[in-house]
Amino acid sequence: MCRFIETICIRNGEPERLSWHNARLNRTRREVLNMTTQIDLTNNLNIPAEAKNGLFKCRVTYRETIEKVEFEPYSMRAVHSLRLVNADDINYRYKYADREKLKDLFSQRCDADGVLLVKNGFITDTSYANIVFLKEDKWFTPDTPLLPGTRRACYIKESRIEAIPIQPEMLSEFDEARIINAMISIEESPTIPIENIKW
């Protein structure tokens, strides 16, 4: 049976956007595993002393119940270029622990730092983060993500970004791109020049 994960940002010992992770974890358990009981991650995160200072990634592996909670220091990868890659055959609606298909797509990046996935003609995500595009001082994100991330959902609710359909031929309309996920905010993300996104 499939296992699922939640990746939670721990900043100076404090978990970020925990309510969003709780909501996604319990939605996955309900929709995939038919579990109606609720799990509160607050009761499952025993943050170790070494994670009380700095930036740590907490990885929660679960099925019906929490199976494993791991902590590791986090450092951001430099991403300044992306290769557009066809992802018509992938389904990542839920945050599966098995990422082999995403790793296969990442291996197609050639000389780029990462991949930007295109499914059914529309831009979705990179292999590990949602993407946002800047246009006239406003941020936009594809409304066709492979996986709607927690930070993305939070930003949409706060009206910091707007979800719209984005096709590869529209990229020239934007000024720059950045990646966002549980660990990376818009402000912390490296800037990706649009001309560095290529087939």
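These legends describe close-up views of one predicted protein model.

Residues are numbered from 1 along each chain as its sequence is written. Because the model is predicted, local features need pLDDT of at least 70 and side-chain atom pairs count only at pLDDT 80 or more, while totals for chains, interfaces and linings use all residues, and side-chain values use heavy atoms, with hydrogens and water left out.

**View 1. Two domains side by side.**
The protein is divided into domain 1 (4–73) and domain 2 (82–196). These bounds come from an automatic or database domain assignment. Taken over C-alpha atoms, the centres of domain 1 and domain 2 are separated by 23 Å. In contact are 19 residues of domain 1 and 16 residues of domain 2; contact means heavy atoms within 4.5 Å.

**View 2. The interface between the domains.**
The size of an interface is often given as the accessible area lost when the parts come together. Here domain 1 and domain 2 bury about 1600 Å² between them. Buried area is the accessible area (1.4 Å probe) that two parts lose on being put together, summed over both. Carbon and sulfur atoms hold 64% of this area. Arg17, Trp20 and Arg24 supply 39% of the area that domain 1 buries against domain 2, more than any other three residues.

**View 3. Polar links and elements at the interface.**
A salt bridge is a side-chain nitrogen of Lys or Arg within 4 Å of a carboxyl oxygen of Asp or Glu. Across the interface of domain 1 and domain 2 there are 3 salt bridges. Between the two domains, 5 residue pairs are in polar contact (both at pLDDT 80 or more). A polar contact is a pair of N or O atoms within 3.5 Å; within protein, one must be able to donate a hydrogen and the other to accept it, and residues adjacent in sequence count only if both atoms are side-chain atoms. On the side of domain 1 that touches domain 2, the elements giving two or more residues are E1, H1 and strand E3 (55–62). E1 gives the most, with 7 residues. Helices (H or I, at least four residues) and strands (E, at least two) are DSSP runs, numbered from the N terminus. By class, this side of domain 1 has 8 nonpolar, 3 polar and 8 charged residues. Ala, Val, Leu, Ile, Met, Phe, Trp, Tyr, Cys and Pro count as nonpolar, Asp, Glu, Lys and Arg as charged, and the others, Gly among them, as polar.

**View 4. A salt bridge between Arg24 and Glu6.**
The whole model has 16 salt bridges. One of them joins Arg24 to Glu6, with the closest N and O atoms 2.8 Å apart. This pair links distant parts of the chain: Arg24 lies in helix H1 (residues 18–33) and Glu6 in strand E1 (residues 4–11), 18 residues apart. Both Arg24 and Glu6 are buried. Buried means under 20% relative accessible area, exposed over 50%, and partly exposed in between (1.4 Å probe, protein chains only).

Glu16 forms a salt bridge with Arg11, where the closest N and O atoms are 2.5 Å apart. Glu16 counts as buried because its relative accessibility is 18%. Arg11 has 29%, so it counts as partly exposed. Arg11 also meets Glu188 in a salt bridge (3.2 Å, N to O). Another salt bridge pairs Glu16 with Arg151, the closest N and O atoms being 3.7 Å apart. Glu16 is in the loop between strand E2 (14–15) and H1, Arg151 is in helix H3 (residues 150–157), and the two are 135 residues apart. At 6% relative accessibility, Arg151 is buried. Salt bridges that share partners join Arg11, Glu16, Arg17, Arg151 and Glu188 into one network.

**View 5. Helix H3 and its cover.**
In H3, the residues Thr150, Arg151, Arg152, Cys154 and Tyr155 are buried. Among the elements covering the buried residues of H3 are E1, H1, E8 and strand E9 (138–142). After H3 comes Ser159, with a positive phi near 60°.

**View 6. Ser127 in its loop.**
Ser127 sits in the loop between strand E7 (122–126) and strand E8 (130–135). Ser127 counts as buried because its relative accessibility is 7%. Leaving aside neighbours within four places in sequence, Ser127 is in contact with Arg99, Leu102, Phe106, Val115 and Leu117.

Asn12 is not a glycine, yet its phi is positive, about 50°. Asn12 lies in the loop between E1 and E2. At 48% relative accessibility, Asn12 is partly exposed. Cys110, also a residue other than glycine, has a positive phi near 55°. The loop between helix H2 (100–106) and strand E6 (114–119) holds Cys110. Cys110 is exposed, with a relative accessible area of 64%.
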